[in-house]
Amino acid sequence: MITSKKIRDLVFELIYTAQTELPKDIEDAIRYALDRERNELARIQLKNIIHNIELARKERLPICQDTGVPTFFISGRIPCKNFERTILDAVKIATEKIPLRPNVVEPLERTNTGNNLGKRIPYIYYKYSDNEFKKDYTEITFMPKGAGCENMAILGMLPPVHGLEGLKEFVLDAVLKAGGKACPPMVLGLGIGGSAEIAVQLSKEALLRPINVRNEDEKYARIEKMLLESLNLLDLGPMGLGGDTTVLGVNIEYAHCHTATFPVSVSFQCWATRRAKARIYKDGYVEFIKVH
Amino acid sequence: MENMEYKLQIPISENEVRNLRIGDVVYLKGLVYTFRDMGHRRALELAEKDEKLPVELYRKAVFHCGPIMKKENGKWFCISAGPTTSSRLNYIEPVFIKKFRPSAIIGKGGMDKKTLDALEEVSCVYLAATGGTAVALAKRITDVKGVFWYDLGMPESLWVLEVKNFGPLIVAMDAHQGSIYDEVSKKVKINETKVRKKLASYL
């Protein structure tokens, strides 16, 4: 029997880990960026970023003051009674204990709820399918997303005939427009196809995949590599102050779409790409999944 | 020209500000005030009614930041405090700078031409902190001297922070119309052609 308390503690730990320990794939990419960086101001900033990552991990403090709006991705079986309530409780406790910055406000009044809970927030994505229901575990992924990069997110309903060329132009323009505002060096999540909302959601899900793992489909893996190599020739650099690394990784997720549409979405993720994942099995066994 | 490194005490004099050039690296000591979207708005609303701000900003440093704070035994502590995206304040910053005449604005991502003009007019610089380095910066906050406008919520409140060796901060926009963002964007414009060519070469 899995108790609500067990799930609450697990979700708390996921939040704590994500907020204080940067995944290894991201940290490695930042260290590699410092190795090859030639711009002095960029080097100062990358060193500062690495120092901050180490300090946050050692002292278990939030890497960035913008601890984001909590977002959860759930797959597999539903593990306990009042599952959703339990997740929300964990967010509330984490906000007070870690502590996290209370970021959640009413959209028009801008009044802060003080505990990171609000109408429909934290948002919980569920993956429902026959296969998922058969699993003997629940997989919980937590991703906090800061506002600086979230504000740069973009959806384009491109002309289908523009194809790959249209996609390249769209992504390049989005990166140019974001400039230093999304806290580069950043990770790009691309959602291609589906529909308007599916493309945006896929672009978010793309950010959950480690940046050293390419898309299973060779064609999309090639586009990921092509965009990464090309965009780093821009010399936009860390924080938009110039430098050799603008983008740490490009991840794509795609879906088939209507013959008359070509939705493309770009989700930006700052260098502080925070995520944590765990599975809890039917018998209560917990497995933390290294997401790198 | 060689980039210089400076340790500056707040308040920062007009001469010291005018001495700074883009690319210089600065570490600050003294009192820093956090102002975000709502704080800027409220400050100007008060000024319009001829009411005083709870703090004096003349020749001081304004920090675009919404920190994580924790209260223990009645005392506030700063947990994490990095810069927020400054461009959200483009619409209000020029008026704010001219009204309160600070010596430094600390933020990230850069600001627009009107802000650059205001920086020149009052002798003020825009200092870029590295986004996300919030624990490292919080370590350089030695004391939380107070908080105003807490009704705006923790991120938007006006926090009075005492800092030491606060940096590295990069002079990204100076009081002489210099802007690293403009320089980078010119370079990026040239590189754009290279990138388009490389992208086109892939099938």
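In this predicted model, five strands of chain A form an open sheet with mixed pairing, in the order β2-β1-β3-β8-β9. The edge positions are held by β2 (123–127) and β9 (286–289) of chain A; each has a single partner strand, so one side of each is left without a neighbour in the sheet. On average, and with direction ignored, neighbouring strands of this sheet are turned by 20° against each other.

Within the sheet, strand β1 (residues 69–76) and strand β3 (residues 137–145) of chain A run antiparallel and are joined by eight bridges.

Strand β5(A) pairs in the parallel sense with strand β6 (residues 247–257) of chain A, and A:Ile192 stands opposite A:Tyr254 in β6(A). With strand β7 (residues 263–269) of chain A, β5(A) pairs in the antiparallel sense; here A:Val187 has A:Gln269 in β7(A) as its bridge partner.

| Strand pair (chain A) | Sense | Bridges |
|---|---|---|
| β1 and β3 | antiparallel | eight |
| β5 and β6 | parallel | nine |
| β5 and β7 | antiparallel | six |

Chain A as a whole contains nine helices and nine strands. Its radius of gyration is 19 Å, close to the 19 Å that the globule rule gives for 292 residues, so chain A is as compact as a globular protein of that length. The C-alpha trace of chain A spans about 55 × 50 × 40 Å along its principal axes. Of the 292 residues of chain A, 50% count as buried. Among contacts in chain A with a separation of 6 or more, 78% are between residues 24 or more positions apart.

The contact between the chains takes 45 residues from chain A and 43 residues from chain B. On the side of chain A that touches chain B, α3 (40–59), α7 (163–178) and α9 (218–231) each supply at least two residues. The largest share, eleven residues, comes from α3(A). By class, this side of chain A has 26 nonpolar, 13 polar and six charged residues.

How values were computed:
Residues numbered from 1 in each chain as written. Chains lettered and ligands numbered in written order. Predicted model: local features only at pLDDT ≥ 70, side-chain atom pairs only at ≥ 80, totals over all residues. Pairing = 2+ DSSP bridges. Helix = DSSP H or I, 4+ residues; strand = E, 2+ residues; numbered from the N terminus. Axes fitted to C-alpha atoms, helices over the stretch in contact; angles between N-to-C directions. Contact = placed C-beta atoms within 7 Å. Nonpolar A, V, L, I, M, F, W, Y, C, P; charged D, E, K, R; others polar. Rg over C-alpha atoms; globule rule 2.2 N^0.38 Å. Buried ≥ 20, exposed ≤ 12 C-beta atoms within 10 Å, placed from the backbone.
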